[in-house]
Amino acid sequence: MVNDGQGSVLRADGLGMAFHGPEGDIRLFRNVDLAIRGGETLAILGASGSGKSTLLGLLAGLDLPSEGRVWVGDAELTALGEDERARVRGEQVGFVFQAFHLLGGLTALENVMMPLELAERPDPARAARQALERVGLGERTGHYPKQLSGGEQQRVAIARAFVGAPRVLFADEPTGNLDRATGARIQDLLFELNRAQGTTLVVVTHDPALAERCQRVLHLDGGRLVAAA
Amino acid sequence: MTAARQGFRLLRRDWRAGEVRLLATAVVLAVTAITAVAWLADRVAAGTEGRAAELLAGDRALVSDRPIGDGPEELARELGLATTRTQEFASVVLAGDETLLTAIKAVGDGYPLRGELLVGDNLDARRVAAEGVPSPGDVWVDPRILRQLGLDPGDPLDVGATTLTIDRVVFLEPDRSSGFRNFAPRVMMHRSDLPATELIQEGSRVRHRLLVAGDPDRVEAWESQVRPSLEQGARIATPGEQDPGVTRAMTAARRFLGLSALLTVVVGGVGMLLTIRRYAARHLDRVAVMRCLGATQRQVVAMLGWKMVWLGLFAGLVGTLLGYLVHALMLALVADLLPPLPGPSLRPALVGLLTAQVILLGFALPTVLRLKRVPPLRVLRRDLGDDVYRGGGVYVFALAAVFALMWWQAGDLQLSLYVLGAVLGTLAALAAAAAVLIRVLRLARGRRGNASLLLSGLVRRPWTAVIQIMALGLGLMALLLLTLVRNDLLATWQDGVPDDAANYFLINIQPGEVEELTALLDDAGVDTTLYPMVRGRLVGINERDVRPSDYEDPRTRRLVAREFNLSWLERLPEDNRIEVGAFWNPEPADPAQYSLEARMAERLGVGVGDVLHFNVAGERYSAPITNIRSVQWDSFNVNFFAVAAPGFLDDAPATYITSFYLPPERSRLLARLVDEFPSVTLIDVSAILDTVRSIMDQGARVVELMALLTLLSGIVVLLAALQVTREERQFESALLRALGARRRLIRRLAVTEFVLLGGVAGLLAGAGATLAGVVISRQLFDLEYAFNPWFPLIGAATGAGVVALAGWLATRRLYRVSPMRLLQDADEA
């Protein structure tokens, strides 16, 4: 709906998603057009089951749509194979999840190092340490996820998301598993890093407070993406 | 090499996090068991071969009818092997006016290279191991020579053109064991005295032997170099080949070691099957996150693959080290009972390292590599990709890996094929049974209240239940099969040389002496039967004449060229079995019937209905073969290749032969026999019998040891692998407790499920082991298999017991920890 197409970091044209169900196809959404500028912050709101997480997955290249096209920067994700999309994700995309998704056996530092190691960047430990210091966990680099609180785990996840300096950061209910105060601190951190690094931020949430802090808010409702009133 | 480094790093992190410990434990245990078995097998086989080598007096013997040139001996020396030579021939010796046909053996220094000569200063002297050989100018003689010629040590004995002095009595020479080809008593002299006897002339019938001994590899190198250039009439004798009993024991022991080794492989594989699924399941999220963070499929494959290679290397090293320690410990425990063993070789270490890789690559890698298919979207939708690691394809790979390992480990294609067949058959039966069980439980659900809940675990996790039943069943089958074969083997060996096996043979008994001799033996309480023996040459089969040149096989040629010892029998001896046809009545209407030994019939290419023509002292005795017998040659009883029905050979000139058991304390009877029946030849086989018996005893001990080791390692592997189920029921048990279930109910749930799993697996394992046992015992170990209809039930009880124990161990902690904690743990898992 909202798509000027010019200078956008993330763009979707005519995006649609349908699943095969036992009683015929289930159409989650269709004709979603979207363009997000560099450094912009966007919230996608929607009820449970509205398909907002699926949309996020498609925008991030984690899955392919039933129809339509998606670009991150110059890369048309929908025209790429799985491994090429993985490369784009590694180079240009960061993620923060509701369930944190830290790897249990790895320390905070090792979790943050992971994307750099996958991309074979030099000296991943130094960059990872710096990233942890920026989220206030410089003293806890050797801790395992189990030894960290929920808020701390999410900060590690944010450090992991930002450490590769992605162009776009996708956050799926980033404060969904946290209490209000901790959630607020996580939000601060996300927006601070977004400003500092000029990263485009796409947040999927049903937390109106978080959505309000974004420059733009869209609703996924009845299979259509509409601007918030 | 980045992937190798990343794989290593991943492994280090996984290890620290405890993610690979179970997998590593399964590999370490499998490798420990396999290497311990390999080391034991290697060293004990070499040790047993050493015992058999005693019966050859060397590790190999080059035997020839003609003088042996210097080439083979020089080669042996170059290879650092010990050598010596012997010459044997028959000759008459003189003591005063008395003459006696003797078997002369001229030996060189160093004889025997293996085993020992037992000698004494006189007939009653204690038998001691000789240091060296007779000095030039001396002879050592058989006790019979002293008895029959009335001589004593110190007396002169004329041997050919020279006179030698009787120095000692020789009671046992290691290589004079089998095939009573040469019944004459022994005169042993030094080779340097041989020319002076002038007994060896052009055309003399002399058996020349060059003995070699030393490092096994070098001995084999010597054999392989000498064998191609053997002259006609020369051959290389190997340990054990002359003694069917020993050969059978050795072959069976070696096969059993092979069987143990490859059943260990099967059990190790089962351990992997049980653990790898948990490992894969726990890695779904990690791989999804990695994919999400930009890892390509190729990166995932390379990293996980390398991780497995590294894990294999470390687990292989640790397992190999433990295997070495376990084998050393087991050998230390039974050191007194075994012969001196050669040092350990490096081969089992190599086996260990490679086994770890094969197990991991065969069992783990196909499953782990499937993880590359985990969709990255799983980070958002946890239900995606749950089943990527499932599928039958991985098991094909695993089976191929197991088969390759089995073949390589046991070095016995036939054995490996049999075991693979048993494995596949059991797997199919187990899968079918598991499916039926789950179906039945599903139908029964909701009908019996609490009981239905007790059994619902299997229905709720059908795939897990099927895998567990198959894996457990296979593991139990391997262990039960080993136990079965072990029992049969031990029983057969114990029966093989009974305590009262004949230790003396009397031959050349004239018909006129039969009555008197029988009476003497009867009076002395010796239980024996005298068999008539008629010497006849096989001259025709059906319508054609028989000549040695008709046969290609040299042994058959020799058999045909020589005279057969024919006999007649009223009843079938206990150690004979009719294979084809029927044995005659004690008083047959038509006595013109032959019974032929099975292998002889095969060599001659004849069967029931063919007519054999024997020439006995110029008379032709022709009759059809009416039955074919198999003979247990290692029973140490008198047996014949060809026998006729009673009445047929009555007119032929016969002598009699008998064998009997005489306990050592009654050996005085022997002197009486020799005195009263001077023409009868007495042969003492008690020393040979002792050697054979001790080889079989050692074989039995080794079998016990290996069976124990395999069983222990198998149970440990299964117990460790079953810990996996703990993960699966952790969340469930916490939830049930949170919902108000009491510990007792949860414990009953677990125990019921485990008992059912183990019981079904054990029942089929018992049945599978019984069937496989029949085939393996009969085909590979040549054993009479004692079918035990209770075995499936024994299997079921064992399975239920072992699995319930494992279940108890696996779920113990679940009842002690708070549900809250368990739920949190489960969430994190």
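Predicted model: local features only at pLDDT ≥ 70, side-chain atom pairs only at ≥ 80, totals over all residues.
Student: Which residues of helix α4 in chain A are buried?

Tutor: In general, an α-helix has 3.6 residues a turn, so residues three or four places apart point the same way. In α4(A), which spans residues 124–134, the buried residues are Pro124(A), Ala128(A), Arg129(A), Ala131(A) and Leu132(A). Viewed down the axis of α4(A), these buried residues fall within an arc of 160°, so they line one face of the helix.

Student: What do the buried residues of α4(A) pack against?

Tutor: They pack against α3 (108–118) and α5 (150–162) of chain A.

Student: How do α3(A) and α4(A) cross?

Tutor: Two packed helices are described by the angle between their axes and the distance between the axes. Here the axes of α3(A) and α4(A) come within 8 Å and cross at roughly 125°. The two helices are therefore oblique to each other, and the crossing is right-handed. Among the residues that make this contact are Leu109(A) and Val112(A) of α3(A), together with Ala128(A) and Leu132(A) of α4(A).

Student: What is the order of the strands in the open sheet?

Tutor: The order is β2-β1-β4-β5 in chain A, with antiparallel pairing. At the edges stand β2 (24–37) and β5 (75–76) of chain A, each with a single partner strand, so one side of each is left without a neighbour in the sheet.

Student: Which helix packs on the sheet?

Tutor: Helix α1 (residues 52–59) of chain A does so, touching β1 (8–21), β2 and β4 of chain A. The direction of α1(A) makes about 125° with that of β1(A).

Technical notes. Residues numbered from 1 in each chain as written. Chains lettered and ligands numbered in written order. Buried ≥ 20, exposed ≤ 12 C-beta atoms within 10 Å, placed from the backbone. Helix = DSSP H or I, 4+ residues; strand = E, 2+ residues; numbered from the N terminus. Arc of directions from axis to C-beta. Contact = placed C-beta atoms within 7 Å. Pairing = 2+ DSSP bridges. Axes fitted to C-alpha atoms, helices over the stretch in contact; angles between N-to-C directions. Parallel < 35°, antiparallel > 145°, perpendicular 65-115°, else oblique. Left-handed = near helix turned anticlockwise from the far one by under 90°.
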